[in-house]
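Subject: Structure handover and notes

Dear colleague,

I am passing on the structure that I have been reading, and my notes follow below it. Please keep it open beside you as you go through them.

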Amino acid sequence: MAWRCTGRTNTELIANMAQHGIINAERVTTAMAKVDRANYVLSKEAAYQDSPQRIGHGATISAPHMHAHAMEHLLPFLFPGAKVLDVGSGSGYLCAVLHHLVSFNGEAGKVVGIDHIPELVNWSVTNLKKDGLGEALQDKRIEMISGDGRQGYAAGGPYDAIHVGAAAPALPQALVDQLASPGRMFIPVGTVSQQILQVDKDAHGKVTGKELMGVIYVPLTDAETQKRGYY
């Protein structure tokens, strides 16, 4: 059903996802409407297609419906003032959406995007500025980091929510450790067969996992392997 969500404009794309029940929360609709996907893709003509797109260096930007699913599942932990980590931040698109979900009503949340391709990190900063978020970058409400996302970014944690945009072969313990108590992670896990896991840590530090859906993501790997195998 998700492929039917393609639109001619950002507004139409979001409306189609709401019509098909992928977006249910008004907060998600509002946040996604504030971020023009055309600022975060290489092919402007295909900006509003509901499909993943290559963004260079072996990386992709996920299909809009997967970003919407992620926001819907993480939403209880995306409150004003929340701290969020986006692993494999790529073009910066989801960091922009997350920013609008955690910084509002006069409270400033914190979004950290991490990617192991420095060229993508630099490009994401350009994209975010183009989308009107230069001030959020300047005062570090959004911070884009070059590093190995498999290890997270402990200096910015613990995080109320973590989103991972590539498939890990197994659940990375470093990311579990950096979840706040309580906190939630949305992560694809697996190799040949992949599942989105919703990983919850409760107020006492107990961790539980729930399989949400089968998916196909590029692998969460090191920079050189990614460039060799997926560029």
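Is Glu12 buried, exposed or partly exposed? Glu12 is partly exposed, with a relative accessible area of 24%, where buried means under 20% relative accessible area, exposed means over 50%, and partly exposed is what lies in between (1.4 Å probe, protein chains only).

Before going further, please note that this is a predicted model, in which local features need pLDDT of at least 70 and side-chain atom pairs count only at pLDDT 80 or more, while totals for chains, interfaces and linings use all residues. Residues are numbered from 1 along each chain as its sequence is written, and side-chain values use heavy atoms, with hydrogens and water left out.

Salt bridges

Side chains of opposite charge can pair when their charged atoms come close. Five salt bridges turn up in a search of the whole structure, a salt bridge being a side-chain nitrogen of Lys or Arg within 4 Å of a carboxyl oxygen of Asp or Glu. One of them joins the side chains of Glu12 and Arg8, at 2.8 Å from N to O, and Arg8 is exposed, with a relative accessible area of 71%. Another joins Asp148 to Arg150, with the closest N and O atoms 2.9 Å apart; Asp148 is partly exposed at 27%, and Arg150 is partly exposed at 28%.

A further salt bridge pairs Asp200 with Arg184, whose closest N and O atoms are 2.6 Å apart. This pair links distant parts of the chain, as Asp200 lies in strand β8 (residues 194–201) and Arg184 in strand β7 (residues 179–190), 16 residues apart. (Helices, H or I with at least four residues, and strands, E with at least two, are DSSP runs numbered from the N terminus.) Asp200 counts as buried at 16% relative accessibility, and Arg184 counts as buried at 15%.

Helix α1

In helix α1 (residues 10–19), the buried residues are Asn10, Leu13, Ile14, Asn16 and Met17. They lie on the same side of α1 because they cover an arc of only 160° around the axis, the arc being that of the directions from the helix axis to the C-beta atoms. Thr11 and Gln19, on the other side of α1, are exposed. The buried residues of α1 pack against α2 (26–33) and α3 (64–74).

A buried charge

Glu72, which lies in helix α3, is buried yet has no salt bridge, and the nearest side chain of opposite charge, Arg184, is 9.7 Å away (Lys and Arg count as positive and Asp and Glu as negative; His and the chain ends are not counted). The side chain of Glu72 does, however, reach the backbone nitrogen of Asn24 at 2.7 Å.

Nonpolar cores

The largest nonpolar core has 54 residues, and among those with the most contacts inside it are Met17, Met71 and Leu128; such a core is a set of buried Ala, Val, Leu, Ile, Met, Phe, Trp, Tyr and Cys residues joined through side-chain atoms within 4.5 Å. The largest share of this core, eight residues, comes from helix α4 (residues 93–102). A second, separate core of 19 residues includes Tyr159, Ala168, Leu197 and Val199.

With best wishes

Notes. Contact = heavy atoms within 4.5 Å. Polar contact = N/O pair within 3.5 Å; in protein donor to acceptor, adjacent residues only side chain to side chain.
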